[in-house]
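Q: Could you take a close look at the aromatic side chains in this one and tell me how they sit in the chain as a whole?

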Amino acid sequence: ARTLRTIASNCIQARIKALKKNESVPLDILSHILRAAARDELPDFESLVDDFITFYLGGVETTASTLLFAVIQVHQHPDVLERLLSEVEEVLGKKDVITAEDLDKLKYTEQVIEETMRMPGIRGGVTRDCPVGGVTLSGHHIPGGTMIHTHTGAMCKMSQYFKDPYTFNPSRFDPTNKRPSPNVYFPFGIGHRSCIAKHFAMVILN
């Protein structure tokens, strides 16, 4: 954690210096935050570091990890690769610019991404605090304030929820098949605290 904060601090300080010198900088979210902060009241530096780390871990590292696992799975399954390339060639061809309409047509690509998020368990799970007063589950009382961790990766390997759970099969997410219960498969979390960038993440992944 200390190393990550050091890297974040160095990146932010370097970007602030570049902006002050009117140097060319990437048009990324960090530049937008710093420009907005310069116009309004500048938040304290530690808050900027916190935001930087949140955006990195939540919007960059997880997406990159998912793509890495997708590449591994696809190359281990030639039939999936062939179908995936065929769809990309049919929908995109040699286009230089990809539109939202094009992404909507990449149905099998999205199925591959969904199955990738199910298979290796990119997310370890979801952690929540038990509400005041506690709760009783399956005859076991859990006191209020207890931290409860739901292991999503384990649930996605249960045969009662997924047929042949250890088989990489993107077609299980075909629209013609019954979608897994949101209480079992929720790579972006569930409920009011689900990932606010889940739709953006799927666009990037596709």
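**Aromatic rings in their setting**

A: Let's start with the overall picture: a compact globule of 206 residues would come in near 17 Å for the radius of gyration, but this protein chain has 21 Å. Keep in mind that the model is predicted. Along the principal axes, the C-alpha atoms fill a box of roughly 60 × 60 × 30 Å. The chain carries 8 helices and 4 strands, and reading along the sequence you get α-α-α-α-α-α-β-β-β-β-α-α.

Now for the rings. There is 1 aromatic pair in the structure, and it's made by Phe173 and Tyr185, with 5.0 Å centre to centre and 50 degrees between the planes. That angle makes the pair tilted, since stacked needs planes under 30 degrees apart and edge-to-face needs over 60. Both partners sit in the loop between helix H7 (152-155) and helix H8 (198-205), so the pair ties together parts that are 12 residues apart in sequence. Phe173 and Tyr185 are both buried, in a chain where buried residues make up 32% of the 206.

One more ring deserves a glance: Phe162 has Arg118 lying over its face, at 5.0 Å from the ring centre.

Back out to the whole chain for context. Of the contacts between residues at least 6 apart in sequence, 56% join residues at least 24 apart.

Conventions
Residues are numbered from 1 along each chain as its sequence is written. This is a predicted model: local features need pLDDT of at least 70, side-chain atom pairs count only at pLDDT 80 or more; totals for chains, interfaces and linings use all residues. Side-chain values use heavy atoms; hydrogens and water are left out. Rings of Phe, Tyr and Trp (its six-membered ring) pair if their centres lie within 6.5 Å; planes under 30 degrees apart count as stacked, over 60 as edge-to-face and the rest as tilted. Helices (H or I, at least four residues) and strands (E, at least two) are DSSP runs, numbered from the N terminus. Buried means under 20% relative accessible area, exposed over 50%, partly exposed in between (1.4 Å probe, protein chains only). A charge sits over a ring if NZ of Lys or CZ of Arg is within 6 Å of the ring centre and within 35 degrees of the ring normal. The radius of gyration is taken over C-alpha atoms; the globule rule is 2.2 Å times the number of residues to the power 0.38. Contact means heavy atoms within 4.5 Å.
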